Amino acid sequence: MLGRLMQSEAVWLFSRSPAAILAAIAAVTIVLGALFAPWIAPTDPYDLSSFSLIDGLLPPVWEDGGDPRFLLGTDDQGRDMFSSILYGARLSLAIAAMAMAIALVLGVGLGLAAGYYGGRFDAVVMRIADVQLALPAILTALLIDGISRGILPRDMHDDLRLGVITVAIALSLWVNFARTARASVFVERNKDYVQAAIMMGQHPLRIMARHILPNILGPLLVIATVDLASAILLEATLSFLGVGLPADSPSLGTLIRIGMQYLLSGEWWILWIPTLFLVVLVVAINLLGDFLRDLFNPSLR
Amino acid sequence: MVAFILKRLVQSVFVMLAVAFLAFSLFKFVGDPISQMTGVETSIEDQERLREELGLNDPFFVQFARFTGDMLQGDFGYSFRTREPIGEMLLSRLPATLELGTVALVISLIVGIPAGVYTALRPRGLVSQSILIATLIGVSIPTFVIGILLIFLFGVQLGWLPTYGRGGTVEIGWWRSSLFTVEGWRSHVLPALTLGLFQLTLTMRLVRAQMMEVMRTDHIRFAIARGVPWRSIRYRHALSNTMIPVITVIGLQFGGVIAFSIVTESVFQWPGMGLLFLESIRFVDIPVMSVYLVVIAFFFVIINLLVDLLYLAIDPRLRVRESV
Amino acid sequence: MLEVENLTVRFRHRQGTTTAVEDVSLNVGRGEIHGLVGESGAGKSTIGAAIMGLLPAAGEIASGNLHLDDTDLRALTPMEAHRLRGKRISMIFQDPQTSLDPLMTVEAQLIETIQAHEDISTEAARRRAIELLEEIGIARAETRIRAYPHQFSGGMRQRVVIALALCTNPELIIADEPTTALDVAVQAQVLDLIRQLADTRGVGFILITHDIGVIAQVSDRVTVLRGGRVVEQGPTPQVLGAPEQPYTKALMAAVPPLDRKLDRFRLPRVAGEEEEAASASAAKEAEDWLMSGSGTGLGPALDLSDITVRFRGERRGFLGAREDFTALDGVSLSVRPGTVMGLVGESGSGKSTLAKVVAALVQPASGEMTLDGAPLPPMRSRSRHDPSRRLVQMVFQDPFSSLNARHRVLGILSEPLRLYGLETDAARRERLVRAMLALVGLPPEAADRYPHQFSGGQRQRIAVARALLSRPGLLICDEPTSALDVSIQAQVLNLLKDLQTRFGLTTLFISHNLAVVRQMSDDIAVLKDGSLVETGPSEPFFAGPQATYSQELLAQTPTVRFGPRAA
Amino acid sequence: MMVLNMDKCPDTLPQAAANHREGVMFRTTFSAAAIAVSTTALSAFPAAAESFSWAGTTDPQTMDPHAVNAAPVLSFLNNIYEGLVRRGPDMGVEPSLATSWEALPDGAGWRFTLREGVTFHDGAAFNADDVIFSYERAASEASDVRSWFAPVTEVVRVDDFTVDFLTAAPNPLFPGSIANFMILDSDWAAGNGAELPARDAENFATRNANGTGPFSLAGRDPGIETRLVPNEGWWDMAEHNLTEAVFTPIGNPATGLAALLSGEIDFISPIPLQDVEQVESRDGFKVLSGLETRVIMLGFGHDHETLKYSEETTDANPFLDARVRLAVAQAIDVATIDRVIMRDAAEPASQLLPEGLSGWSAAHAERPTFDAEAAKTLLAEAGYPDGFSFGLMCPNDRYINDEAVCRAVASMLARVGIEANVNAMPVRGYWDELRSDNFDMYLLGWSPGTFDAEHPIRFLAHTPNERLGTWNFGGFSSARIDELLEPIQQEIDEAARQAMIDEVAGILQEEVAYVPLYTEPLIWAMKESVEVVQRPDNFFMLRWVTVN
C-alpha cells in the first residue's frame, strides 16, 4: 500500500519534472540500446573478423567521406563506432551495476551491522572505511589486480580485468553506502519499532534485514543512483590511467581513452561521440538521482 | 573532549598501521622490481644478487617489520628507480600537491558555497536551475576529458594560460611555492579548475540541501517570526548552521582532493605527489608507491582530526559544556 | 486589538485544495489571553500562521479579514509584513530546544532582534535585554546572557524564547503549544509568566494548545476548533465549565480528572465520527485464545529490588574519571499480580529507564528482578529464548514509530505468534490476528493495511494487539497516550482498562500525567531524579500525598475545575 | 599506448663483439631516409644564442652513467658525459675522449690513445686514471652496464694518455660497443663518496654530474625539470647556439603536444603519429620523422607443447608447424597497418633488424606477401582448416600504437580463421609475463644496440641459456644458428661474416621463427625555428641543436 502510494506520489512528481522525464527517456533509451545491443548493432565489435582495418578512421555518414555502412564512423581498427558504443555502454552499465550492487551489499551489510551493534564493531568498520577512503580508486584497482594475479591461476588472468575493475570500483563505493546505512540505522535503531523487536527477542539479523533495512531504503536508493553514475565515470578514469578494460572489448570509458588519441588529429568522432553518450548517460542518471532525492527528501550527504 | 581527541588519535594509529600493512603487502604483488631496475643484458645471477641485497627474498613479515620500523624512524627508504630517498622525494613534491589541492578547494568553496546558498534560497529560479544543470553536466564529463579540453581551449587555441607545470616557484625553506609568482598563479588556474569542479558541485549541492533543511527549522522560523532581518537570517543564522555538517564533508573531501589529484596532475604534468605516484606505478617503484599510500593515509588522518577540532571551534554545544 | 473575521485558509495540493480553516472569527484584546483549543487537524496552528503572515507556500488566505488595530494584515507587502513581525506580533514555538539558534549566544540573538526593530545602540540593547531577562525570571542575567542556548535548562530556555518574543514590545504574541514540551513544574511557571505579562504589560496572547488544562488555567477567552471551524467561543469558564456544543461536551468528558477516578470515560458519540464496529464473535475468539493461555487468570508479580542504572559519561580532562550519569539509583518496587502500578515523574526521573530495564532494553548496573518469584534476567543475560521475552510486553509512547511502516499490520501482528511458536499454522495465525484486531476495536480488514493508514489512536490499538498476541503476563505501558489527542486518549485508556481487568494483566503504567495515572492505577510510585520518592496505593496517594515533592507535583498539575482562578 | 620510448629500453643497448677492423667505423649504408639531418644543423654558423626547452615522456631517472642501462638515461647523459668514442649524426663511431684506437696483436684487445688537455666541468684534468676508474666502476657488481665489459679481462694503464683493454677473445666491434661508456673524474667521484654506482640508496652521482661533455648540469629536479648549460671549456667546437637547455618530462602525450603548440616548449619527442598532420599544418611548427632502428615483430611459443590460451585447441600447439607460422605471416597486411595505424610512417620489415644496418641480409629482403587465401590453404594443409584460437600478448605503452597493431593483427588473423585473444598490458608487467611463458604469440620490438646483425642473433635467435638467447622468449632453437653465432662474432673478413649472417637470416625466414612486421618510425616535433639532428637511435643530442 505504501509502495502504491509512493508510486502514485512518485508518478505525480515525475510528471511535473521535465528534467526527470527527459533524463528517464535518455537513460531508458541508452539502457535499452545497451541491453539489446546484439540485435540493434549492425556489427559485432567483439568479432574480429567482422571488421577490417581497411575501413579504419571513416567519419560519420553526414561527413564528407562517410560510409553508409557506418552510421557514426569507424575507429582506428575499422570498427563501427555505433556498434562499439552500444556494446561499450552495455559493458559500462554492466560493470557499474555490478560494482554498485557489490558496494551496496557490502556497504549496507557493514553499515547496518555497525549502526546496529555500535561500539567496538562500529569503530572497526568505520576505521576500515577510513582506510578505504584514504585509498584512491586507482590504487584499489592496482591492488586488486596485483592480488588477484598473485592468488589466481595464470590462465584466469585474461578474464580477470572485468572482475578487477568491478571489484575495485565496488570497493571505492561501498563506504558511501556504509556511512549512509549506518547513519540511518542510528536513527532507526532508537525508534520504538526496533526497540519492540529487540525486546521481543527477535534475531538481530532478522531485525536488521526485515525491520531496519526496508525503512532506510530511500536514502540508499538515492546513493545507489548517484553511485551508478560515479561508477561509470570511475571506470572511464581507470581506463584513462591504464587499469581499465582492454581495447578489444571496450567499455565507454575505454572508447574515450582510445578516442583521446584523436583529440587533435581531426578524427573527432572517435572521441566525442562516445563521450557524448557517456555524458548523456551520466547526466540522465544523476538527474534521476536528484529526482529520487527530492522524492525522499532526506537531508543527504 | 580531550578524551575524544585521544581516542581519535589511537584510532588513527590503527588506521595508519592498517594502511601501512596494505601499502606494503599489496604492492608485493604488483610486478617485479628487479626486472625494472636492471637492463636487458643483466645476467640472471646479477638479478638474484640484487634481489638478495634488497632483502626481497626475506619472509614477508620480516620485510613488513623492517618497512614499518624504518618508517617510524623517519627512514622511508629509497626509490628503486632513482635511488633517491623517498622521504625527500615526497617532501619535495608535497607543496605542489597541497597548493593545487588548496587552490582547488578554495575555488570550490568560494564558488560552491554562494552558489549553494543561492540555489537554496531560490530553488525554482531559472538561474538556480541553470547552475544545477550546468554543474551536473560538469561532473558528468570525465575529469581527464575536461582537463585536456581546458588545455586546448585556454592553452593552445587562446594561448591565455600555461598548459603544464607549476610556473615559477619561490623557495621558502624547503617549501617550494608557486603561489608567489604571477606565472605560478596562471599555472594554477586550469588544473585547479579541473580538480575543483567536482568539489564545487559537491559543495554546492551539499550547501543547498543543508540550507534548505535549515531554513525549515524552528529556530529559523522563530527568527522570521520575530522579524530578524532576512540578511541576518540567511547569512548569519542559516548559513552558519548549514556549515556545520558541510565542514565535515568538505574536510573529508580535501583528502579526496589530494588523492584525486592523481588524474589532474597527470593531465597537467603537475609535479606533485600524484604524478610521482603514477610514475612509480609505471616503473613498479614499489617503495615509492607504498610510502605514497602511507602519506596519503596520514593526510586523511590529520584532516579528520582537524575537522574534529574545527567542529569544536565552531559548535559551542561541544565547546561550552557547563550549564548556567 | 486583533480582529480576525471570517478567516478561511486553503491549501493547494495535487488533488485540489483543502480548506484548513473555514470562516473563523475571533478577537483578542490587550492583556487578554485567548486560548485556541482543538485536537490535531483542527486548524489551530494555521490560524496562528495566517496571522503571522507565515503560511507555507501552498497555503493561502482565501477570504476573511485580519486587522491588528488599524493595520490590515492582508494588505501588507512581504517586506512590511516582515517588519511587522517581531515589532508588533511575535510568536513562541513549542520546543525551546530547537527554537534558538544553537550557534549564537543568547545575548547576540536578543540584541540582534532588538536592533532589527529599533535604532538603538548595542549597549542600550544589551541593557534592555538584561532587564528583560531579569523581569522574566532569569537570575544573574548579566552573566548568563553570554551563554549559549544549550547551557540553559528547558524551562529557562523557554523563558529565553519568551524574552526574545517580548524584547521588541509586541502587542500580540502567538504562543503555539508553548508548554507542551515542558514538565508540569516548569509548565506552571511558564504559564504564570504568560499570565503575568498579559496582566502587567498588556500583551495580548493567542495561546494555541491541545491541553485543555492549560487553557483552563490561564486563558480569558477560549475558542474551541474542530476541523477548521469554530465549535464554540466565549469566556473560558463558560465554555469549558458549561459547554453547549456536544463536541465540547465530549471533549470535556474525555479530559481525565485529577480529583477522582473514573471507572471508564463516558464517551458520547459525536455526530460524524464513526466508531469502527468490532465484530463481537471475532473478539470473543481472541479473548478465548488469551484466556486459554493463562492458567491462573492473573498476571505474575513483578519485584524489583535495588535497581541501579548508570549511563556512561564522558571523561573529564586527561585521565579524569568518567562522569557517569546515574539514571536510576537503587529503586525497589513491587507490582502485585494482576494490578496496575502507575509510575510517575518528570522527564529525566528515570521512569522510562525503569520500564526498559524490565523489558531488557537497558542493562542495570545492579539490582535484582523477579517475575512471580523466578529471577528475571537483566538485558545482557536474558537470552532471546527466555520465557520472559513472551511474558513481558510493552506498549510504546509513539504509535507512529512503534510500528514498522514497511510492514502490513498482519505481518506486524503475526510476528509474536510466529516468534514464540504460539501458532505455527499461518492460516490460524491470520485468523487470530483478525480476531485480536476485533478485540482491540478495529475491523479485521485492518490487517491488510499499512500502519500509516491509521490514526494515532488506531495505531496504539494495533500496538496493544501486538502485545496481547504474545499472551503476556506483564504489560508495560510507557506513556501510551501522551502522543494522542484527548478524546483518543480516553478511548485508548478505556481499552487498556478493559483488557487489563478482563485478562488480569499485571501492568506497569508510566505517565507524566498524574490525572491519567489516577484513572489507571491501583498503586502508584513517584520517581524523582532516579530515586523513588513515594510509593503506595493510588487512591490514598491522590488524597494526601506524603512527600513534599509529590504534593508539589499534584499542585502544579493544571486542572479543569472552575472556580476563582488561581493566578 | 600513446606512451612510447618512454622507459628503459631493454632491447636497445650494446655489448661488445663484432669483427670490424681497426679504424673502420660504423660503416653501414644505413639509409639516408633514416638519418634525417636537418639542412642547416651542421653547417649553420651558431646564430643568436638561445635558451632551449624540450620535453620527452620520461625523466632520466639518474645522473649516474653507470647505474641504469636505459635509453632515457644514456641518451640524456650523452650531453654531459663522454666516452672514449662517440657516434656521429650517421651513427658512425668517431673519436671522442680517445683520439685513436688500434687492435692489439693476436686479438688480445684494444689500445686507446687518450685526448690531452681535456678537463671535466669542475676543472679537473682528464687522464688514464679516470678511464681506469670509470672502467672499474662500470664493470663493478653495482653497475647496471657491466655486461658491456663481459669480454674484457683487464684494463691496463700504459701511460697517462694510453690505455689497453684486454679481451679474452678477438673482439673486432669492441670500440663501437662502448660508445655509451661514459668517463667520470676519479677524484670527483671518490671525493664525493660515489666510487660505485648507487644501487639501493642514492649517492652524490645520482643527482650531480661532472663530465667532459658539451653541457654541464646546472640544476636537477627529478621528475620535474633538469637544466643544462653549455660547457665553455669543451674540447670540441660547439655547433649548437644554446645558452641553456631545460628538459621537462611530460608523460601525457596530449599535454606534451599542447605544451609545444602553446609555445611553452621548443621540442618534444615523440608525438603521437595521428597528430603529425595537425602539427605540420600549424604555422611555426614542424615534424621530423625518420625510422628508428627498432623492428616490431611477432614471436611464437616454439617450446610450448600446447597452446595456453586456446578455447578449444588445448592439446597441441599449432605454431610448432612452420606452415602455420607462415600462414600468420601471410595473413597480415602490413601495408594497411602502416597506412591506417602508422600513418605511412613505418617501413615493412623482413628481418630482425632494419634495412641498412650492418649485416642486413640483402638476400632475404622480401617478406612473405600478404595473401589471405594462401594462408587459409596453409592452415588447411597443417590440419587447421577451421582455424583455432590462441592468446596474443601485447604491451600497450611500449611501442608506437602497439596495442592497436595487435588488435589489427588479431582482426586480420580472424579473417583467415584463427582467433587471437589479445591481452594488452602495460610494459611494467609485460616482460615478466613473457619470461613466465604466458603467451601463445607475442609482440616484440627489437633495436640492435650494436647496430649490427649479430645483436638480434645473440639475443633473439640463439637457443636460450644463461647468457645467450636471453630475449628469445619463445625458445626458438636452431643448432645451426647456435653454431654460427661465435664465428660471426669473431670473423674479421666481411664477406665471410655476411655469408654466415645471410645463412642465419635464411634459416629464420625459412622457419618463420619470428614474423617481422615493420620498422618503427621516429617522430620528433618542434618549432619551425629549431634545427636538430635526428639520430636513428633516438638519442637527442643537444650539441647539434640550433635555434634561430
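Some ground rules. Residues are numbered from 1 along each chain as its sequence is written, and chains are lettered from A and ligands numbered from 1 in the order in which they are written. As the model is predicted, local features need pLDDT of at least 70 and side-chain atom pairs count only at pLDDT 80 or more, while totals for chains, interfaces and linings use all residues.

Chains, then. Two residues are in contact if their C-beta atoms, placed from the backbone, lie within 7 Å. Five pairs of chains are in contact, and chains B and D share the most contacts. Chains C and D have no contact, and their closest C-alpha atoms lie 43 Å apart.

Now chain C against chain B. Here 35 residues of chain C are in contact with 26 residues of chain B. On the chain C side, the elements that give two or more residues are α2 (78–87), β6 (89–92), α3 (96–99), α4 (106–117) and α7 (154–166). The most comes from α2(C), with five residues. Helices (H or I, at least four residues) and strands (E, at least two) are DSSP runs, numbered from the N terminus. By class, that side has 14 nonpolar, twelve polar and nine charged residues. Nonpolar covers Ala, Val, Leu, Ile, Met, Phe, Trp, Tyr, Cys and Pro; charged covers Asp, Glu, Lys and Arg; the others, Gly among them, are polar.

Stay with chain C for one helix. Helix α1(C) spans residues 44–52, and eight of its nine residues are buried, so it is largely enclosed by the rest of the structure. Buried means 20 or more other C-beta atoms within 10 Å of the residue's own; exposed means 12 or fewer, partly exposed in between, with C-beta atoms placed from the backbone. Among the buried ones are Lys44(C), Ile47(C) and Met52(C). Just after the helix, Gly53(C) takes a positive phi of about 75°.

On to chain D. It has 15 helices and 21 strands. Its C-alpha trace spans about 70 × 60 × 45 Å along the principal axes. What radius of gyration does chain D have, with its 548 residues? It has 24 Å, which agrees with the value near 24 Å for a compact globule. That radius is taken over C-alpha atoms, and the globule rule is 2.2 Å times the number of residues to the power 0.38. Buried residues make up 64% of chain D. Of its contacts with a separation of 6 or more, 73% join residues 24 or more positions apart.

Last, two helix pairs. In chain D, α14 (479–490) and α15 (494–511) pack at about 155°, axes 10 Å apart. Axes are lines fitted to C-alpha atoms, for helices over the stretch in contact, and angles run from 0 to 180 degrees between N-to-C directions. The two are therefore roughly antiparallel; that label needs over 145 degrees, with under 35 roughly parallel, 65 to 115 roughly perpendicular and the rest oblique. Contact residues include Leu484(D) of α14(D) and Met500(D) of α15(D). They divide into eight nonpolar, no polar and three charged.

In chain B, the axes of α7 (143–157) and α8 (182–215) come within 10 Å and cross at roughly 150°. This pair is therefore roughly antiparallel.
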